[in-house]
Amino acid sequence: MLPDYHLHTDFSGDSTTPPRAQIERAIQLGMDSLCITDHHDYDVESIIDFNLDLDPYMSSLTRLQEEYKDRIDVRIGIELGLQVHLKEYFKELTRRYPFDFVIGSTHFIDRKDPAYPEFFEERGEANAYLQYFETTLDNVSHLDDYDVAGHIDYIVRYGPNKAAFYSYEAYRDILDRILKAVIEHGKGIECNTAGLRKGISQPNPAADVLKRYRELGGEILTIGSDAHIPEDLGADFERTRELLKECGFSYYTVFRQRKAQFLTL
């Protein structure tokens with residue numbers, strides 16, 4: 001089974017799943033590796049504490065890495081909540097900790113969480129999506145301390161109409177600029193399967209965005225479930241394998257010590 005490169009444990013503020021439970025589930029599914037990527041959203045306004053306690057996190061996962069080394073390759077990652085003003089902070093953090101993989105995700109806009117209805121009530125759905133993409137473009141254009149841009153159209157999961165009025169064509173200009181910036185900076189994107197189980201019937205980003213990324217020359221592509229519970233680990237991966245082939249991909253990417261490795265789909 002394809003390895004999962006986006007998943008969360010109880011080190012993330014929005015999960016109660018022990019790392020061991022995620023690892024055991026991956027073994028049960030037949031994965032030969034996985035990468036744990038717990039949330040670290042620093043300097044935001046949220047009812048959830050998304051600050052990752054990094055020293056215990058690294059110590060715990062390093063022990064599990066050793067314990068499971070003969071059964072599965074456990075890699076240690078992080079999902080950074082990108083904000084341009086934290087550029088130096090991210091630089092120091094990624095120098096200090098030996099991550100295998102860093103997802104750079106846009107979760108907050110001006111420190112506000114778009115996962116709540118109030119965000120859309122203030123802006124309207126179309127403007128909220130556009131503002132999210134503008135923030136994402138700003139992040140990927142000015143930050144370098146990540147490996148792939150996470151779930152590029154993540155905000156669609158939370159819109160009042162979700163994907164009913166959203167498409168690549170509706171936001172072509174800004175999405176192309178995001179994809180080109182990612183490629184120009186030597187970064188990749190992820191195919192995040194959570195959208196398939198969160199009411200939008202498509203991964204994040206949508207298939208047309210994935211196809212456009214490939215057309216523009218994008219090659220680095222990881223696959224992640226965004227699982228916060230073991231039952232979601234590896235969700236829809238076989239369906240996603242076929243979708244990615246239809247979008248023009250022959251390979252997917254994993255990371256070790258921040259170095260990309262390309263594997264056949």
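This briefing covers the sheet, the aromatic pairs, the charges over rings and the surroundings of one valine. The model is predicted.

- Strand 3 pairs with strand 4 (residues 148-149) in the parallel sense. That pairing runs over 2 bridges.
- G104 has A149, in strand 4, as its bridge partner.

**Aromatic pairs**
- In one of them, the ring centres of Y5 and F101 lie 5.5 Å apart. Their planes stand at 65°, so this pair is edge-to-face; the cut-off for that class is over 60 degrees.
- Y5 and F101 link distant parts of the chain, 96 residues apart. Y5 lies in the segment before helix 1 (19-29), while F101 belongs to strand 3 (residues 101-105).
- Y5 and F101 are both buried.
- F120 and Y129 make another pair, with ring centres 6.2 Å apart. Because their planes are at 85°, this pair is edge-to-face.
- F120 has a relative accessible area of 5%, so it is buried. Y129 is buried too, with a relative accessible area of 1%.
- F120 and Y129 belong to one aromatic cluster.

**Charges over rings**
- R123 places its charged end over the ring of F119, 3.7 Å from the ring centre.
- K187 has its charged end over the ring of Y146. Here the distance to the ring centre is 5.4 Å.

- V254 sits in strand 7 (residues 251-256).
- The relative accessible area of V254 is 4%, so this residue is buried. The cut-off for buried is under 20%.
- Beyond its neighbours within four places in sequence, V254 is in contact with P3, Y5, R75, K259, A260, Q261 and L263. Y5 from this list is also the ring paired with F101.
- V254 and I220 are 34 residues apart along the chain. Their C-alpha atoms are separated by 8.9 Å.

Notes: Residues are numbered from 1 along each chain as its sequence is written. This is a predicted model: local features need pLDDT of at least 70, side-chain atom pairs count only at pLDDT 80 or more; totals for chains, interfaces and linings use all residues. Side-chain values use heavy atoms; hydrogens and water are left out. Rings of Phe, Tyr and Trp (its six-membered ring) pair if their centres lie within 6.5 Å; planes under 30 degrees apart count as stacked, over 60 as edge-to-face and the rest as tilted. Helices (H or I, at least four residues) and strands (E, at least two) are DSSP runs, numbered from the N terminus. Buried means under 20% relative accessible area, exposed over 50%, partly exposed in between (1.4 Å probe, protein chains only). A charge sits over a ring if NZ of Lys or CZ of Arg is within 6 Å of the ring centre and within 35 degrees of the ring normal. Contact means heavy atoms within 4.5 Å. Two strands pair if DSSP finds at least two bridges between them.
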